[in-house]
Amino acid sequence: MKNSVAAVEHALCALENGEISKAEKIIAREYPFKPFTRYARSYTINQKMMQFKKDGFIDRYSGEKLINPGVLKILSYYLPAAFPYQKNWKMSECHIGYWELCPTIDHICPISMGGSDGPENWATTSMLNNSIKSNWTLEQIRWSLYEAGDFNEWDGLTNRFVSMVQSTPELAEDPYIKSWYKASLSVL
C-alpha cells in the first residue's frame, strides 16, 4: 500500500510538471495495471465435500465452524417459513444461514492473480466470506489463513445429517438433500 501511494505521488509530481510521458512510465514501472481475468470454475459436489472434510468444516478465513449444506436444507424442508430456502439464494427470500454457515471453495490466491485451480490453492470458507474476498489476495484485504480443523472433532454435522436421511428416506426425494447425502457418504 505504501509503495502504491508513493507511485501515485511520484506520478502526480511528473504531471504537475507537464511530464505526462514520465508519469506514464512511473505508473507502468511502479504501480502497473494488471487486468483481472475471470475464469469459469466448476467443482463436483464430491470435490467440495473432500475439501470441506480436509478443512474440518472450518472457515479458513474466519476460523468459524461451518455446517454441511444438507443440514441447512433439512431445516428448510421442515421449517420453510422459519428457515426459507431459495434456489438462487436471493437474500430477500433465503435465510442468511445459507450465506453464513454453508461452506464453499475459494481460491486462496485468486486465479485472476495467477493462482492455480487445484486443491493446493483451495480453502473452505462461507459463502459470505467468499463474496467479500472476491478476487482479492489475503494480503490486500488484510486477512490471514486459519488452520484447518479436524474432521474427527467437527464434521459440520455430517454424521447426523446422514443419520437423519437414512432414518427418514423421504428427505432424499429433495434433489439438494440427495446430492449432499451422496457426497457425505463418500467422505465417511
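1. Helix axes are here lines fitted to C-alpha atoms over the stretch in contact, with angles taken between N-to-C directions. The model under discussion is a predicted one. In it, helix α3 (residues 45–54) packs with helix α9 (residues 175–187) at an angle of about 50°, and their axes are 9 Å apart. An angle between 35 and 65 degrees counts as oblique, and α3 and α9 are therefore oblique to each other. The crossing of α3 past α9 is right-handed.

2. The residues that form this contact can be listed from either helix. On the α3 side they are Ile45, Asn46, Lys48, Met49, Met50, Phe52 and Lys53. On the α9 side they are Ser179, Trp180, Ala183, Ser184, Ser186 and Val187. By class, the contact of α3 with α9 comprises seven nonpolar, four polar and two charged residues.

3. The angle between α4 and α8 is about 45°, and the axes of the pair lie 9 Å apart. α4 and α8 are therefore oblique to each other as well. From α4, the residues Gly70, Val71, Ile74 and Tyr78 meet Phe161, Met164 and Val165 of α8. The contact of α4 with α8 divides into six nonpolar residues, one polar and no charged.

4. Setting aside residues up to four places away in sequence, Phe161 touches Asn68, Gly70, Val71, Ile74, Ile177, Trp180, Tyr181 and Ser184. Of these, Gly70, Val71 and Ile74 also take part in the contact of α4 with α8, while Trp180 and Ser184 are among the α9 residues in contact with α3. Phe161 and Val71 are 90 residues apart along the chain, yet their C-alpha atoms are separated by 5.7 Å.

5. Phe57, in the loop between α3 and α4, has a phi of about 50°. Its relative accessible area is 0%, so Phe57 is buried. Trp89, in the loop between α4 and α5, has a phi near 55°. Trp89 is likewise buried, because its relative accessible area is 11%.

6. With 15% relative accessibility, Gln86 counts as buried. The side chain of Gln86 reaches the backbone nitrogen of Lys90 at 2.9 Å. Leaving out neighbours within four places in sequence, Gln86 is in contact with Glu93 and Cys94.

Terms used
Residues numbered from 1 in each chain as written. Predicted model: local features only at pLDDT ≥ 70, side-chain atom pairs only at ≥ 80, totals over all residues. Heavy atoms only, no water. Axes fitted to C-alpha atoms, helices over the stretch in contact; angles between N-to-C directions. Helix = DSSP H or I, 4+ residues; strand = E, 2+ residues; numbered from the N terminus. Parallel < 35°, antiparallel > 145°, perpendicular 65-115°, else oblique. Left-handed = near helix turned anticlockwise from the far one by under 90°. Contact = heavy atoms within 4.5 Å. Nonpolar A, V, L, I, M, F, W, Y, C, P; charged D, E, K, R; others polar. Buried < 20%, exposed > 50% of the residue type's maximum accessible area, 1.4 Å probe, protein only. Polar contact = N/O pair within 3.5 Å; in protein donor to acceptor, adjacent residues only side chain to side chain.
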